[in-house]
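The following exercises are to be worked with the sequence and the model at hand. Each task is followed by a stepwise solution.

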Amino acid sequence: MPDLYKGIECKPYLISLNQIEVFQKDSGTSPCMLEKISSSWKDEFNCNFALPLVCLTDREDTYHLLTGLAIYEAAKLANIEQIWVFIIAAQQVVIGKAIEQVTLQSKLNQRVIEPCDVEDFLSFLNNSDKSTLMSIPGIKDGYAKLILDNRTYNSLEDLKHRLGVKRTLKWLKAYKEPKV
């Protein structure tokens, strides 16, 4: 197994759901979201892309679920027999620190902005009315008016210059996010 840093060994594995022990009964994820994820497994992918963390137990071939209860629940709902997990072999104290790092680092795993995304976003801003603009999280009445008053936008750099870098990137990411 590769070393993440001193004291932790980890590796992705495909394991059976019946090898995972779970003590928490409910992730609190909406049934609609769980159904959407499980449907995509049934209809399209047949595997998970986000890897729950598990750790070893005293029993052979049994793993304790540390993160990703919603993924586990969706897999059960989809009748998937196996899921990909990230096994961490370390002491419980060290695992707590690893989970903290996963939480911090997962926020950095955002989708990459492609040139076609920028073109679509510019077209959306240049051709939408006020109410449609406000469908993007973060664009309220005042910002929609600002966008309308300052258009036509020719490039992402032009948009950043006129409306601000952080605001523009925040809106672009919100525009790209799939609507659930």
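**Exercise 1.** Is asparagine 79 buried or exposed?

*Solution.* The model is a predicted one. Step 1: the relative accessibility of asparagine 79 is 66%. Step 2: the cut-off for an exposed residue is over 50%. Asparagine 79 therefore counts as exposed.

**Exercise 2.** Determine where the residues with positive phi, asparagine 79 and aspartate 61, are placed.

*Solution.* Step 1: most residues other than glycine have a negative phi. Step 2: asparagine 79 has a phi near 60° and belongs to the loop between α2 and β5, just after α2. Step 3: aspartate 61 likewise has a positive phi, near 60°, and is located in the loop that runs between β3 (53–56) and β4. Step 4: with a relative accessibility of 46%, aspartate 61 is classed as partly exposed.

**Exercise 3.** Identify the buried residues of α2 and the elements against which they pack.

*Solution.* Step 1: α2 spans residues 69–77, and its buried residues are Leu69, Ile71, Tyr72, Glu73, Ala74 and Ala75. Step 2: these residues pack against β2 (20–21), α1 (31–45), β4 (63–65) and β5 (82–89).

**Exercise 4.** Which residues touch the most other members of the largest nonpolar core?

*Solution.* Step 1: the core has 18 residues, and those in question are Ile20, Trp41, Ile83 and Val85. Step 2: at least two residues come from each of α1, β4, α2 and β5, with α2 giving the most, five. Step 3: beyond four places in sequence, isoleucine 20 touches Ile15, Tyr63, Leu65, Tyr72, Ile83 and Val85. Step 4: apart from this core lies another, of 17 residues, including Phe121, Ile147, Tyr153 and Leu163.

Notes:
Residues numbered from 1 in each chain as written. Predicted model: local features only at pLDDT ≥ 70, side-chain atom pairs only at ≥ 80, totals over all residues. Heavy atoms only, no water. Buried < 20%, exposed > 50% of the residue type's maximum accessible area, 1.4 Å probe, protein only. Helix = DSSP H or I, 4+ residues; strand = E, 2+ residues; numbered from the N terminus. Contact = heavy atoms within 4.5 Å. Core = buried A, V, L, I, M, F, W, Y, C linked by side-chain atoms within 4.5 Å.
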